[in-house]
Each structure stands twice: as C-alpha cells, then as structure tokens.
Amino acid sequence: MNVPASQAMNKLTSRLVIKGAFGVFFVWACIQLWRFYAWARDMGPKVDRPEAVAGLLPVGHFTSFFAWLKGGGWDTILPAGLVIIIGALALSLVFKRGFCGWVCPLGALWEAAAWVGARVLGGRPRPWRWVDLAGRGFRYLLAAAALAFLLMVPLEEALAFRELHYMWTADIKILTNFTEPLFLALIALTFVVSMALGPVWCRWLCPLGGWYAPLGVLSLGKVHRDPESCTHCHACSQACHAFVNVEKRLTVSDAECDGCMDCVRACPVKGCLSPRFFGRIRVSPEMWVVMAVGLWLAVWGVAKITGNWDASIPDEVFREVIASGIVDRRTPGGF
C-alpha cells in the first residue's frame with residue numbers, strides 16, 4: 001500500500017524520529033568518549049575524541065561564553081561548547097525553544113518516559129496547576145541564580161577556567177559519575193516520575209530551559225490560530241505536552257512552547273493552526289522542522305569547516321592529563 005508523500009513526510013519529521021535520532025547520536029558520542037578515556041588509560045584501541053559531549057558541561061561552557069561576550073575572545077581550546085550554546089540560542093530566537101523541542105538528547109530521555117507513561121496509564125496525566133506553577137517557578141529561580149553566578153565571574157577567572165586541566169576532562173568525569181549507583185538511582189527515579197507527570201526535569205528543574213524560555217517568547221516564528229475556522233474541539237490543547245491552552249491563543253507566545261508542532265498536527269481543520277514567521281510568512285509544520293534542524297546542523301557545519309569545533313588539545317596531551325589521575329579525584333561536589 002502506497003503512503004501519501006505528505007503522510008510520509010509527517011512521520012519522518014515527527015519528534016519521535018528527530019529527537020530520537022539526536023538522542024541515539026549523543027549516546028554514541030558518549031560511548032566514543034568512554035572508549036577514548038579507555039585508550040588514554042591503555043585499556044583499549046585509540047578512537048577520536050568526540051566533541052558533542054561538551055553539552056554535558058553547560059556551566060563551564062557558559063562561563064566561557066560570557067567571557068567571550070565580555071571581550072575575552074573565542075575559546076580555541078574547547079570551542080564546541082560555545083558552538084552548542086550559540087546554536088541553542090539561535091534556535092530559541094527563531095523556532096521558539098527549538099533546542100528543547102527538537103535537539104536536546106537529555107530531554108529525549110524524559111519525553112520517552114512520558115510517552116511510555118501515557119501508554120501505561122492510558123493517557124497523558126497533568127499535574128495540579130499549583131504544583132506545576134511551583135515547579136516552573138523553581139526552575140526559573142534556579143536559572144536566575146545560575147545566571148547571576150555566571151555573570152559575576154570575573155573575566156580573568158573565566159579565561160583561566162579554560163586553561164584548567166580539570167575543565168578539559170570534565171566531560172569524562174561527569175560521564176563516569178553517571179555509572180555511580182546514586183546517579184543511576186536518580187535517573188531511574190526521574191524516569192518513573194516523568195512517566196507519571198511528564199518530563200519533570202525539562203519543565204521544573206532544567207536551568208537551561210529557564211534561560212531559553214524567555215528568548216522563545218521573542219521568537220521570530222510562532223504558531224498562530226485562525227479564530228474563524230476554529231471549531232473549539234480542544235484537540236490542540238490536549239495534544240500540547242507543555243500544557244499550553246492553544247485553543248485560547250491567537251498567537252502562541254507562551255514561554256513553555258518549544259515549537260514541537262504537536263498542536264498543529266492534531267488540529268482537524270486545515271489551516272486553522274499554522275506556524276508563521278514575523279506573523280505573516282506561513283510554513284508547514286514539516287518545513288518548520290526541516291528548517292529548525294537545518295539551522296542546528298548549519299551552525300555545527302560552519303563551526304566544523306572553519307576549525308571552530310574540534311579541540312585544539314593534542315590527544316597525547318589529553319592522555320597525559322588523564323594519566324595524571326585528575327579524572328579519578330574526588331571533590332566535595334562529587335565532580
């Protein structure tokens with residue numbers, strides 16, 4: 001049986017496919033980093049060090065990012081972290097919280113938990129409104145505190161942070177911590193809670209989401225609703241995993257919207273809901289996804305071509321630093 005091209009494109013650009021692909025790639029990158037770590041300890045063959053795992057170090061690379069904004073220059077030692085941040089900010093300013101909606105591999109894990117929970121429980125549960133408001137308020141409080149801390153870091157210290165051997169291997173350190181029983185228990189607990197209440201990490205705890213959300217309000221692209229053709233069937237609001245009452249909006253400017261296009265796909269009236277840029281230029285939900293993912297890949301591609309993605313530290317230097325035992329040292333914070 002032939003599947004219409006529009007339906008095939010719809011499935012190909014679904015979040016399950018796109019975000020799942022980024023999630024699988026990130027897991028592969030983590031495995032490669034683990035193999036690189038094993039090579040540095042003479043426990044395996046040599047593999048190239050992946051840079052995508054820099055996403056595990058948002059605080060460290062945001063420190064470098066703000067140092068760059070203050071005139072401290074581009075980080076030529078571990079530039080991938082800055083590239084990831086710039087890509088995430090660009091997606092937020094053009095495609096709502098597009099990084100959260102389409103790229104973030106950690107978010108893919110918690111959304112997978114919510115997907116499993118919806119099928120086990122027979123529907124997507126919604127937390128009490130006051131609980132949700134308290135959770136979101138806590139996330140913004142975390143985001144504000146982290147941002148204040150980063151802004152207060154003196155430029156000299158931020159630049160010196162780039163030179164620390166500990167910073168060079170922090171991604172490996174965090175990766176090894178993920179194998180600890182405590183971390184595994186926390187991941188399992190978060191997965192179970194996300195099954196019952198949705199992706200709670202993304203909605204109530206992630207400070208990065210708290211930073212990207214206000215930018216998403218200013219996004220050039222938003223979903224618009226045509227009130228004349230709307231039948232008030234509630235399908236859009238019920239489909240929204242961010243709990244936005246789309247049916248009551250003319251323009252979905254809500255900070256929690258991550259441009260997932262679930263509401264547009266769920267609407268039974270063609271053209272009633274449509275993603276638009278500058279409030280006028282309409283695109284299909286499939287094209288929205290293609291452009292969002294394309295922007296992310298373009299940022300990475302330009303960085304890769306111009307030599308602003310790969311670390312400038314020779315592998316043998318990494319090996320010497322790892323051999324010094326710095327990754328295995330315990331600190332009061334466990335990192």
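Reader: In α4, which residues are buried?

Author: This is a predicted model, in which local features need pLDDT of at least 70, side-chain atom pairs count only at pLDDT 80 or more, and totals for chains, interfaces and linings use all residues. Residues are numbered from 1 along each chain as its sequence is written, and side-chain values use heavy atoms, with hydrogens and water left out. Helices (DSSP runs of H or I, at least four residues) and strands (E, at least two) are numbered from the N terminus. With buried meaning under 20% relative accessible area (1.4 Å probe, protein chains only), the buried residues of α4 are Ala-80, Gly-81, Leu-82, Val-83, Ile-84, Ile-85, Gly-87, Ala-88, Leu-91 and Ser-92.

Reader: What covers the buried residues of α4?

Author: Helix α4 spans residues 80-94. The cover over its buried residues includes α3 (58-72), α5 (98-103), α13 (207-217) and α16.

Reader: How many residues of β1 are buried?

Author: From β1, Gly-221, Val-223 and Arg-225 point one way, while Lys-222 and His-224 point the other way. Each of these is buried, and the count for β1 is therefore, by the under 20% cut-off, five of five.

Conventions: The expected span of a helix is 1.5 Å times one less than its number of residues. Buried means under 20% relative accessible area, exposed over 50%, partly exposed in between (1.4 Å probe, protein chains only). Contact means heavy atoms within 4.5 Å.
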